[in-house]
Amino acid sequence: ANVPVTISSNLEGIRSIAIVAEKNPIPLVGLFRLENDAEVYLQARLKLASSSHVTVLANTDDQILSNRQYVKVTVGGCGP
């Protein structure tokens, strides 16, 4: 199923963002490298193999931050 995803943040110093779908055959579904002081606003449509957690990882100079959401894939669509 195709799942629309929007990622936004006002945190400073984010260097890259990764999107991981844990039950996909290849879990890393997106990797975005950002320029210095770029405002984070990303939209993507993810292809999910089945219902699973989708995790977003934001890498800064000194830490890795994450957020996780369970996405349920159903026949004819999907939703949180």
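**The pocket lining and the core**

A: Let's start with the lining of the largest pocket, where strand 1 makes the largest contribution, seven residues. Strands here are DSSP runs of E, at least two residues long, and helices are runs of H or I of at least four, both numbered from the N terminus. The model is predicted, so to speak of local features takes pLDDT of at least 70 and side-chain atom pairs need 80 or more, while totals for chains, interfaces and linings use all residues. Numbering starts from 1 along each chain as its sequence is written, and side-chain values rest on heavy atoms, without hydrogens or water.

The space in this pocket comes to about 460 Å³. Its lining has 22 residues, and those closest to the centre are V5, T6, I7, V56 and N67. Strand 1, strand 5 and strand 6 are the elements that each give two or more residues to that lining. A pocket is an open set of 1 Å grid points over the protein atoms alone that fit a 1.4 Å probe, with protein on both sides within 12 Å along at least five of seven lines, and lining residues have an atom within 4 Å of a point. The volume is that of probe spheres set on points joined across faces, edges and corners. By residue class, the lining holds 14 nonpolar, seven polar and one charged residue (nonpolar: Ala, Val, Leu, Ile, Met, Phe, Trp, Tyr, Cys, Pro; charged: Asp, Glu, Lys, Arg; polar: the others, including Gly).

I7 turns up again in the largest nonpolar core: of its 16 residues, I7, I17, L48 and V54 touch the most other members. Two or more core residues come from each of strand 1 (2–9), strand 2 (16–21), strand 4 and strand 5. Such a core joins buried Ala, Val, Leu, Ile, Met, Phe, Trp, Tyr and Cys through side-chain atoms within 4.5 Å. Beyond four places in sequence, L48 touches A1, V3, A21, N24, V54, V71 and V73 (contact: heavy atoms within 4.5 Å).

V54 is also touched by L46, which has A1, N2, V3, V5, I19 and V29 among its other contacts beyond four places in sequence. L46 sits in strand 4, residues 40–47, and counts as buried because its relative accessible area is 4% (buried: under 20%; exposed: over 50%; partly exposed: in between; 1.4 Å probe, protein chains only). G30 is 16 residues away from L46 in sequence, with their C-alpha atoms 8.6 Å apart.

Strand 5 also carries T55, which is buried because its relative accessible area is 18%.

Stepping back, the protein has zero helices and seven strands, in the order β-β-β-β-β-β-β. Its C-alpha trace spans about 40 × 20 × 15 Å along the principal axes. Of its 80 residues, 31% are buried. Among contacts with a separation of 6 or more, residues 24 or more positions apart account for 52%.
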